[in-house]
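Colleague: I am new to reading protein models. Could you take me through one, feature by feature?

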Amino acid sequence: MNILVIDAQGGGIGRQLVAAVKEALPQARLTAVGTNTLATSAMLKAGADAAATGENAVVVNCKKADVIVGPIGIVIADSLLGEVTPAMACAVAQSRAKRILIPINHCDNIVVGVSNLNTGKLIQDAMEELRKI
């Protein structure tokens with residue numbers, strides 16, 4: 001299974017996701033793509049098998065992924081303080097991969113009906129969904 005983790009800004013959620021995926025599914029191929037070098041570096045340090053940065057890296061790797069995991073902002077153009085470009089959001093949304101999105105209420109995007117759980121619990125829930133796939 002080829003799992004793609006996408007994150008932006010400081011890569012904190014991506015770092016936690018990479019560590020959790022490596023623990024839950026060590027046999028999976030895990031690629032991390034950051035919208036900036038700081039996010040990419042954080043995910044690479046957490047144990048990603050491969051990593052890249054930027055818009056084209058998101059577009060290319062979305063085509064190869066079986067599962068895409070990241071904050072919900074990766075499917076919203078101009079989200080995460082503008083780091084997610086329209087091309088990135090489109091690539092994630094149009095990918096044939098399953099998407100596991102972490103519902104983070106941040107940067108003017110509010111997901112109603114979702115409890116304000118801590119990030120650790122959200123990562124745990126994401127891993128449960130990933131194991132089902």
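Modeller: We take the sheet, then a helix, then the salt bridges.

Modeller: This is a predicted model: local features need pLDDT of at least 70, side-chain atom pairs count only at pLDDT 80 or more, and totals for chains, interfaces and linings use all residues. Residues are numbered from 1 along each chain as its sequence is written, and side-chain values use heavy atoms, leaving out hydrogens and water.

Colleague: In what order do the five strands form the sheet?

Modeller: Start with the terms. Strands (E, at least two residues) and helices (H or I, at least four) are DSSP runs, numbered from the N terminus. Two strands pair if DSSP finds at least two bridges between them. Here the order is β3-β2-β1-β4-β5, in an open sheet with parallel pairing. The edge strands, β3 (50-53) and β5 (98-102), each pair on one side only.

Colleague: How many bridges join β1 and β4?

Modeller: Three, in the parallel sense, between β1 (residues 2-7) and β4 (residues 67-71). Look for Leu4: Ile68 in β4 stands opposite.

Colleague: Which strands does helix α3 touch?

Modeller: Contact means heavy atoms within 4.5 Å. Helix α3 (residues 55-64) packs on the sheet and touches β1, β2 (29-34), β3 and β4. For angles, axes are lines fitted to C-alpha atoms, for helices over the stretch in contact; the angles run from 0 to 180 degrees between N-to-C directions. The direction of α3 makes about 150° with that of β1.

Colleague: How many salt bridges does the rule give?

Modeller: The general idea is that side chains of opposite charge can pair when their charged atoms come close. The rule asks for a side-chain nitrogen of Lys or Arg within 4 Å of a carboxyl oxygen of Asp or Glu. The count is three.

Colleague: Where do Lys22 and Asp49 lie?

Modeller: Lys22 is in helix α1 (residues 12-24), and Asp49 is in the loop between α2 (37-45) and β3. They are 27 residues apart, so the pair links distant parts of the chain. Their closest N and O atoms are 2.9 Å apart.

Colleague: Is Lys132 buried or exposed?

Modeller: Buried means under 20% relative accessible area, exposed over 50%, and partly exposed in between (1.4 Å probe, protein chains only). Lys132 has 64%, so Lys132 is exposed. Its salt-bridge partner is Glu129, with the closest N and O atoms 3.0 Å apart. Glu129 is partly exposed at 38%. Both lie in helix α6, three residues apart, about one turn of the helix.
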